[in-house]
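Open the model in your viewer and keep the selection tool at hand.

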Amino acid sequence: MLSVHPSIDPKIAAIAPGFRAVSVVVEAAPILRPEVADKAMERAVKVVQSNSCGWAEAHLSAWAEVFRKFGAKPQRTPCSAEALLKRVKKDGKLPAIDPVVDLYNAVSIEYAIPVGGENFATYSGMPRLTVAEGCEVFDTTKSGEPANEPPEAGEVVWRDDIGVTCRRWNWRQGVRTRLDASATQMWFILESLPEMPVDALNAAADTLVMGLMEMMPGAVITTELVET
């Protein structure tokens with residue numbers, strides 16, 4: 001059985017006291033119902049338009065403050081949830097990318113929570129949230145060509161034994177571990193701050209798990225609470 005146990009550097013507690021996340025590990029099965037993602041996105045957009053998530057603004061504001069603490073500028077590089085929500089509020093929807101990606105993006109905007117999705121088969125070692133030294137490898141693209149854009153020293157990043165997998169905490173994902181529907185080993189991380197009630201965090205994780213199970217019956221899914 002696939003086992004993924006992310007770790008949190010003790011330094012993170014000083015930057016984001018009370019940070020907690022749910023790790024979701026998936027041994028994938030064939031996708032039989034890709035339309036599940038479309039329905040999830042429709043529901044999420046309605047939640048955003050109705051402003052029914054009462055703590056969402058406070059949660060996103062807390063993320064902006066955390067980004068400032070490690071030197072990021074949230075107006076330019078916001079947390080992933082805020083970036084998605086801005087696009088929904090502007091365009092009324094998100095462009096379809098991939099059934100699995102669309103599903104976890106829908107959970108992100110419905111619950112105003114950063115959600116990352118990774119192809120765990122491309123990992124070397126376990127994921128860990130840490131503070132960058134500034135010399136780590138981060139593979140991305142620039143002008144359509146492969147490029148390396150190392151994080152800044154002091155920046156909060158997700159990484160494995162090879163290098164950074166996501167810069168500025170949850171702002172930009174690297175190319176190497178990028179997830180799509182063809183992956184057989186999937187790892188998701190739903191990240192929250194104290195402004196988001198723990199019941200809502202659990203509900204977001206449940207929504208993702210239920211969506212994945214509907215989309216790919218036969219998948220084996222486990223969850224784990226991760227805290228500082």
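Select R159 and V164 together: R159 stands opposite V164, which belongs to β8. R159 itself sits in strand β7. Strands here are DSSP runs of E with at least two residues, helices are runs of H or I with at least four, and both are numbered from the N terminus. This is a predicted model: local features need pLDDT of at least 70, side-chain atom pairs count only at pLDDT 80 or more, and totals for chains, interfaces and linings use all residues. Residues are numbered from 1 along each chain as its sequence is written, and side-chain values use heavy atoms, with hydrogens and water left out.

**Stop 1: around R159**

Stay on R159. Is R159 buried or exposed? R159 counts as buried, at 15% relative accessibility. The cut-offs are under 20% relative accessible area for buried, over 50% for exposed, and partly exposed in between (1.4 Å probe, protein chains only).

Now show the contacts of R159 (heavy atoms within 4.5 Å). Leaving out residues up to four places away in sequence, R159 touches M126, P127, R128, T130, E136, V164 and T165. Pick M126 from that set: its C-alpha lies 8.3 Å from that of R159, although 33 residues separate the two in sequence.

**Stop 2**

β7 and β8 pair in the antiparallel sense over two bridges; pairing requires at least two DSSP bridges between the strands. Follow the chain between them: a hairpin of four residues joins β7 to β8.

**Stop 3: salt bridges**

Turn to the charged side chains. Side chains of opposite charge can pair when their charged atoms come close. A salt bridge here is a side-chain nitrogen of Lys or Arg within 4 Å of a carboxyl oxygen of Asp or Glu. How many salt bridges does the whole structure hold? A search finds 11.

Select R176 and D160. Their side chains meet in a salt bridge, 2.8 Å from N to O. R176 lies in the loop between β9 (172–173) and β10 (185–192), and D160 in the loop between β7 (156–159) and β8 (164–167), so the pair ties together parts 16 residues apart in sequence. D160 is buried, with a relative accessible area of 0%. R176 is partly exposed at 24%.

Next, select E152, E155, R167 and R168. Salt bridges that share partners join these four into one network.

Move to R43 and E110, whose side chains form a salt bridge of 3.3 Å, N to O. R43 is in helix α2 (residues 35–50) and E110 in helix α5 (residues 99–111), so this pair ties together parts that are 67 residues apart in sequence. E110 is buried, at 12% relative accessible area. R43 is partly exposed, at 38%.

End at E65 and R68. The closest N and O atoms of this salt bridge are 3.4 Å apart. Both residues belong to helix α3 (residues 56–69), and being three residues apart they are separated by about one helical turn. E65 is partly exposed at 41% relative accessibility, and R68 is partly exposed at 42%.
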